[in-house]
Amino acid sequence: MNTAKSKQLYKTACGFMPGGVNSPVRACKAVGTVPLFIDHAKGSRIWDEDGNEFIDYVCSWGPNILGHCCEPVINAVKAACDKGLTFGACHKGEITLAELIKKHFPSMEMLRLVNSGTEAVMSAIRAARGYTGRDKIIKFEGCYHGHSDGLLVKAGSGLMTQAIPSGAGVTEGCTKDTLLAKYNDTASVEKLFEEYGNEIAALIVEPCAANMGVVPPEKGFLEFLREITKNHGTVLIFDEVITGFRLSEGGASKYFGVIPDMTTLGKIVGGGMPLACYGGKLEIMQCVAPLGSVYQAGTLSGNPCAVAAGIETIRQIESIPNFYEELNRKSAMIENAIREKGLNVNRCGSLMTVFFNDESVKSYDEARACNTESYGRYYRHMLQSGIYTAPSQFEAMFVSYAHSDEDIAKTIEAIESYR
Ligand SMILES: Cc1ncc(COP(=O)(O)O)c(C=O)c1O
Ligand SMILES: N[C@H](C=O)CCC(=O)O
């Protein structure tokens with residue numbers, strides 16, 4: 001495979017951007033390659049600057065559940081662009097999108113549109129603190145909730161890939177109220193509530209962890225979190241930036257049947273544009289300015305072009321019969337091929353990760369114990385076979401509706417030929 005142009009572009013990019021990238025997970029150091037520079041994409045496929053074609057399972061880290069360049073979404077964005085890129089003022093689309101979100105996430109009684117998952121989570125936590133008048137929060141090791149200061153402690157995603165335990169540049173003051181629990185370990189949560197019970201404003205969790213690789217919640221874990229937070233007056237926040245509109249149209253909350261107090265959404269809800277949101281119980285959201293004194297704002301929040309992409313993406317999902325069943329069917333075929341190869345895999349709906357570990361992975365420690373060199377070898381093999389997957393052991397593989405049976409067959413062939 002010729003990647004000369006990507007290599008040259010990468011060299012140039014390194015002179016302008018840290019590590020040549022605008023988000024660390026894109027750097028491919030962990031898998032022993034340089035990043036591919038993407039020229040264009042369509043459906044299930046992406047093409048790099050050297051003209052190489054790949055079946056894409058990164059899907060922009062989740063948003064492209066309909067595949068790339070879904071025509072109705074592109075047309076909706078074009079129409080919105082024609083009317084103006086940004087107003088910094090109210091417009092009808094915001095209401096339409098909010099209605100659609102609330103229809104599928106009824107526990108988001110009121111919500112606010114923002115520009116990124118990081119902002120959504122940061123704002124949800126601020127609202128929870130304002131509402132409860134408490135300072136402390138619980139997060140789980142290996143969960144990633146964006147790059148706001150207080151959450152960069154034993155976080156997943158790029159921090160796990162680069163083995164950064166807690167981000168430099170984050171003051172002790174910012175993280176002193178962040179308590180750490182272990183995913184799928186109820187005792188670790190109980191211990192924190194015994195010690196800090198009435199000081200804990202919020203517990204935030206990825207309801208299906210996908211930033212230490214995919215680690216689904218064990219049976220009863222989310223129900224336990226619901227119960228213990230309720231008993232202590234702590235706000236339960238489901239960070240559904242990845243799982244929202246992915247596991248079901250009502251996200252992980254509907255999929256697992258557990259209702260949080262607050263939810264954060266990103267990725268799919270913006271249809272590939274910079275848009276995210278947070279919301280939840282009315283009495284919590286009423287604390288947000290201008291109704292209340294929890295301040296949160298954004299020049300580009302509710303951007304009309306991003307809102308148009310979000311609306312059309314949700315409408316497309318709604319209009320396709322058996323949408324999630326189809327995603328599940330295709331994902332199960334890939335999962336089976338990985339298992340038949342004797343490799344370890346975790347799957348939840350259309351999210352999955354091949355783990356290079358002999359044991360099944362249920363926790364951050366088990367994920368960390370994986371052989372990342374072997375993952376790198378697997379990644380390079382898949383890439384050479386025309387399959388583009390996450391360049392890190394600690395990320396998810398995303399299956400989209402645009403992946404055809406032929407794509408799946410080609411992917412399975414690539415898995416089967418892995419030695
Ligand atoms: C679960 C989760 N929460 C929050 C974020 C932060 O979102 P963003 O990258 O849009 O800031 C991400 C991904 O980046 C995520 O996977
Ligand atoms: N794991 C991250 C989000 O899901 C990947 C996106 C990024 O940080 O660039």
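In this predicted model, a polar side-chain atom of Thr118 lies 2.6 Å from an oxygen atom of ligand 1, a pair that falls within the limit for a polar contact (N or O atoms within 3.5 Å). An oxygen atom of ligand 1 is also 2.9 Å from a polar backbone atom of Gly117, and an oxygen atom of ligand 1 is 2.9 Å from an N or O atom in the side chain of Asn211. On its own, ligand 1 has 380 Å² of accessible area, of which the protein covers 82%, as computed by the Shrake-Rupley method with a 1.4 Å probe.

The residues around ligand 1, each with a heavy atom within 4 Å of the ligand, include Tyr144, His145, Glu206, Asp239 and Lys267.

The mean pLDDT of the protein, the predictor's confidence in each residue from 0 to 100, is 97, and the predictor gives the complex an ipTM of 0.99 and a pTM of 0.98.

Residues are numbered from 1 along each chain as its sequence is written, and chains are lettered from A and ligands numbered from 1 in the order in which they are written. Local features need pLDDT of at least 70 and side-chain atom pairs pLDDT 80 or more, whereas totals for chains, interfaces and linings use all residues, and side-chain values use heavy atoms, with hydrogens and water left out.

How values were computed: A polar contact is a pair of N or O atoms within 3.5 Å; within protein, one must be able to donate a hydrogen and the other to accept it, and residues adjacent in sequence count only if both atoms are side-chain atoms.
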